[in-house]
Amino acid sequence: MGISIDDGACGVWQRVPDEVISRLDGIPGAAYEVADEVTCALEAGHPDNHMAVLQGWGNQEAWLIWATPTTATAPGCRADGLTCLLPEGHVGRHHVIMTDVVEDEGPYWCESRADLELQRAPI
């Protein structure tokens, strides 16, 4: 298992089943190389199952959801025009990365665009 950086994410590790890797690596227009291990991307202390993105294409993303590993396909969350790293309809705060700056910035945990702007404001 890898080393976890405490960014407020759950971070629980899960091995990705080989058949899932081979199925998702072959999708036309795939955005990522599917990892053989992933960490839960939800905020620490979340209720219910863990989840991690496996693959993206078009406006869809495939997610590994576990207590028992399974996958789900759902659009990525773009609430309030933010680039959230979680699926549409997720529980808890958004996990946002800023991609419209010179170098990608974040991720940040935020409730809304206004909350994000407060976090990014100079002190």
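These legends go with a few close-up views of a predicted model. Local features need pLDDT of at least 70 and side-chain atom pairs count only at pLDDT 80 or more, while totals for chains, interfaces and linings use all residues. Residues are numbered from 1 along each chain as its sequence is written, and side-chain values use heavy atoms, with hydrogens and water left out.

**View A. The largest nonpolar core has 23 residues.** A core here is a set of buried Ala, Val, Leu, Ile, Met, Phe, Trp, Tyr and Cys residues joined through side-chain atoms within 4.5 Å; buried means under 20% relative accessible area, exposed over 50%, and partly exposed in between (1.4 Å probe, protein chains only). Val-16, Leu-24, Val-38 and Leu-54 have the most contacts inside this core.

**View B. Asp-36 pairs up with Arg-15 in a salt bridge.** That term covers a side-chain nitrogen of Lys or Arg within 4 Å of a carboxyl oxygen of Asp or Glu. The closest N and O atoms of Asp-36 and Arg-15 are 4.0 Å apart. Both ends are partly exposed: Asp-36 at 43% relative accessibility, Arg-15 at 47%.

**View C. Glu-43 and Arg-93 make another salt bridge.** Here the closest N and O atoms sit 2.3 Å apart. Arg-93 is partly exposed, at 25% relative accessibility.

**View D. Glu-105 meets Arg-120 in a salt bridge.** Their side chains come to 2.7 Å, N to O. Glu-105 is partly exposed, with a relative accessible area of 25%, and so is Arg-120, at 27%. Salt bridges with shared partners bring Glu-105, Glu-117 and Arg-120 into one network.
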